[in-house]
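This report describes selected strands, a helix residue and charged pairs of one protein. The sequence and the structure are shown first.

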Amino acid sequence: MLFTEAVPHNHALALRLEEVGATDATVVMPYADVLVGNPETGVVAGGAVTTLIDAASGTAVMAALDAFAAIVTLDLRIDYLRPARPGLPLTARAECYKVTRLVAFVRALVHQGDPAMPVASSQGTFMRVED
């Protein structure tokens with residue numbers, strides 16, 4: 001519940017936190033007509049996919065930190081590998097593979113049920129905000 005309460009656009013996109021590990025997170029975005037970027041094809045807009053990846057990546061970073069800290073996205077590179085099939089949810093699994101004193105490094109993959117057929121992949125960095 002905190003996942004959507006703390007970040008209102010996660011709630012607006014109906015993002016659902018499925019799983020959190022020590023350094024990883026899996027987030028699902030259900031298909032919805034309001035997310036469609038191209039009405040002729042029914043393909044979900046890239047901005048919605050970006051938000052899904054950012055949410056999963058940020059959650060993986062939070063899981064990897066030794067204590068709660070505010071974080072911000074420094075950089076998020078996304079490669080769109082194929083259009084998402086209309087009508088199916090999108091699943092993002094992110095892994096935080098390195099944490100330094102201020103910066104965390106994350107990679108993520110988005111798929112629609114088969115991780116071997118990804119829709120997008122990403123590489124990102126997040127910064128721990130200090131008081």
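Does Thr 51 count as buried or exposed? The model discussed here is predicted. With a relative accessibility of 19%, Thr 51 counts as buried, because the cut-off for that class is under 20%.

## Surroundings of Thr 51

Thr 51 belongs to helix H3, which covers residues 46-64. When neighbours within four places in sequence are set aside, the residues in contact with Thr 51 are His 9, Asn 10, Leu 13 and Leu 15.

A further distance relates this position to Cys 96, which is 45 residues away along the chain. The C-alpha atoms of Thr 51 and Cys 96 are separated by 17 Å.

Strand S2 comprises residues 24-29, and six of its six residues are buried, so the strand is largely enclosed by the rest of the structure. Asp 24, Thr 26 and Val 28 point one way from S2, while Ala 25, Val 27 and Met 29 point the other way. Residues on both sides are buried.

S2 runs antiparallel to strand S1 (residues 16-20), to which four bridges join it. Three residues lie between S1 and S2, and the two strands form a hairpin. Within this pairing, Glu 19 has Thr 26 of S2 as its bridge partner. S2 also pairs with strand S6 (residues 90-99), again in the antiparallel sense, over six bridges. Here the bridge partner of Val 28 is Thr 91 in S6.

## Salt bridges

Side chains of opposite charge can pair when their charged atoms come close. Across the whole structure, five salt bridges are found. One of them joins Asp 24 and Arg 93, whose closest N and O atoms are 3.6 Å apart. This pair links distant parts of the chain, since Asp 24 is in strand S2 and Arg 93 is in strand S6, 69 residues apart. Asp 24 is buried, at a relative accessible area of 14%, whereas Arg 93 is partly exposed at 40%.

Another salt bridge is formed by the side chains of Arg 107 and Glu 95, at 3.5 Å from N to O. Arg 107 lies in strand S7 (residues 103-111) and Glu 95 in strand S6, so the pair ties together parts that are twelve residues apart in sequence. Arg 107 is partly exposed, with a relative accessible area of 38%, and Glu 95 likewise counts as partly exposed, at 29% relative accessibility.

The side chains of Arg 77 and Asp 79 also meet in a salt bridge, with an N to O distance of 2.6 Å. Asp 79 has 28% relative accessibility and counts as partly exposed.

Terms used: Residues numbered from 1 in each chain as written. Predicted model: local features only at pLDDT ≥ 70, side-chain atom pairs only at ≥ 80, totals over all residues. Heavy atoms only, no water. Buried < 20%, exposed > 50% of the residue type's maximum accessible area, 1.4 Å probe, protein only. Pairing = 2+ DSSP bridges. Contact = heavy atoms within 4.5 Å. Salt bridge = Lys/Arg side-chain N within 4 Å of Asp/Glu carboxyl O.
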